[in-house]
Amino acid sequence: MDLDACRTPATIVAEILRQVPDLPVPVPIEELAAAVDITDIRRLETPNFEGGLITQPERRDGMILVNSTGSAQRQRYTIGHELGHYLMVSHQPATAGGAFMCSSSDMTVRKADRDNRAARMEAEANRFSANMLMPLARFRPDMEALGSPDLDSIFALAIRYDMSREATSIHYTSHHDEACAIVLSKDGIVRRIYRPSRFPFIDAPINRPLPTPSCAARFNPSKSGWGELDGGVWLGRQLGAAIGLREQVHRASGGWTYSLLVLEEASHDSSEDAEESDLEDVFDRFSRRGGSDR
């Protein structure tokens with residue numbers, strides 16, 4: 001597979017899809033890695049990293065390391081992330097002759113300052129992994145066929161693409177025509193917020209209790225479903241008072257709750273968010289989680 005002329009995550013994914021137009025879903029990421037001279041994918045049980053890449057500056061071949069303690073879906077994402085480092089020859093380890101050793105927090109980087117080269121490489125590797133494992137040429141029609149924003153649609157897409165619900169949520173809210181965002185909370189505490197730039201700022205501090213009266217806070221701990229509420233609940237009184245908002249709640253295992261926030265009457269050309277680089281991952285500013293995706 002010749003990808004020498006490709007330099008960005010988007011152009012590499014596009015060229016792979018051009019050369020392999022019948023690429024199946026779920027994307028066989030390990031077979032794809034083998035096709036570009038990844039000679040081994042080695043799984044290790046380790047607390048020290050989530051993924052690694054051992055290769056040469058000129059990329060004659062490479063070996064990917066994967067933390068085996070993560071879910072199968074998390075491991076797929078990690079392989080995609082390391083494959084992104086491998087295919088972007090501008091990505092070089094910080095130390096001469098060194099290897100890429102990526103932490104779980106590296107897997108969450110969505111954007112970075114221009115002068116932070118290490119973070120920009122991680123953001124590009126994440127963008128490659130998400131777009132390779134959920135290629136928009138396939139994902140967008142599947143998403144549109146499922147209609148308006150809905151957590152059941154996200155979870156169905158996660159199964160179809162063999163991805164974690166969280167990774168699928170990020171991709172879904174980034175590219176859905178309607179402006180929507182995802183809040184993950186655990187035991188009533190806000191843990192992570194994912195919103196595209198077209199969605200208003202969400203005024204809910206990380207590691208603080210859910211805002212009241214949000215549906216996630218009001219609903220019985222065993223109840224899932226939809227609710228309509230004043231936008232000020234999530235967007236702050238000054239900005240959100242005049243904005244209608246719908247919230248769908250899903251109770252997951254381990255005390256986790258998904259809140260899907262959808263702006264009323266919001267319609268948008270999703271091409272504005274074709275790249276995830278403008279996705280604000282509030283969690284990037286706070287402590288990172290360990291372990292696997294849900």
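**Ground rules.** I number residues from 1 along each chain as its sequence is written, and I use heavy atoms for side-chain values, leaving out hydrogens and water. Since the model is predicted, local features need pLDDT of at least 70, side-chain atom pairs count only at pLDDT 80 or more, and totals for chains, interfaces and linings use all residues.

**Entry 1, α3 on α4.** I looked up how helix α3 (residues 72-87) sits against helix α4 (residues 117-133). Helices (H or I, at least four residues) and strands (E, at least two) are DSSP runs, numbered from the N terminus. The axes of α3 and α4 are 8 Å apart, at an angle of about 120 degrees. Axes are lines fitted to C-alpha atoms, for helices over the stretch in contact, and angles run from 0 to 180 degrees between N-to-C directions. The pair is therefore oblique. Angles under 35 degrees count as roughly parallel, over 145 as roughly antiparallel, 65 to 115 as roughly perpendicular and the rest as oblique.

I then listed the contacts (heavy atoms within 4.5 Å). From α3, the residues include R76, Y77, H81 and L87. On the α4 side they include M121, E122, N126 and L133. The contact residues divide into 8 nonpolar, 6 polar and 2 charged. Here Ala, Val, Leu, Ile, Met, Phe, Trp, Tyr, Cys and Pro count as nonpolar, Asp, Glu, Lys and Arg as charged, and the others, Gly among them, as polar.

I checked helix α1 (residues 9-19) next. Its axis and that of α4 come within 9 Å and cross at roughly 30 degrees. These two helices are therefore roughly parallel. P9, I12, V13, I16 and L17 of α1 meet E124, R127, F128, N131 and M132 of α4. I count 7 nonpolar, 1 polar and 2 charged residues in this contact.

I found D106 in the loop between β4 (100-102) and α4. D106 counts as buried, at 18% relative accessibility. Buried means under 20% relative accessible area, exposed over 50%, partly exposed in between (1.4 Å probe, protein chains only). Leaving aside neighbours within four places in sequence, D106 contacts H81, M101, E122 and N126. D106 and N126 are 20 residues apart in sequence, yet 8.4 Å apart in space, C-alpha to C-alpha.

I looked at β9 (residues 256-263) and found 8 of its 8 residues buried. W256, Y258, L260 and V262 point one way, while T257, S259, L261 and L263 point the other. β9 runs antiparallel to β5 (residues 180-186), with 7 bridges. It is also antiparallel to β8 (residues 244-251), again with 7 bridges. Strands pair if DSSP finds at least two bridges between them. I noted A181 with L261 as bridge partners, and L245 with L263. The hairpin of β8 and β9 has 4 residues between the strands, and there G254 takes a positive phi near 70 degrees.

I found a cis peptide bond joining V25 and P26, with omega about 0 degrees. P26 lies in the loop between α1 and α2 (29-35). The bond from T212 to P213 is cis too, with omega near 5 degrees. P213 is in the loop between β6 (189-195) and α8 (215-218).

D37 has phi near 75 degrees and is partly exposed at 42%. N207 has phi near 70 degrees and is partly exposed at 37%.
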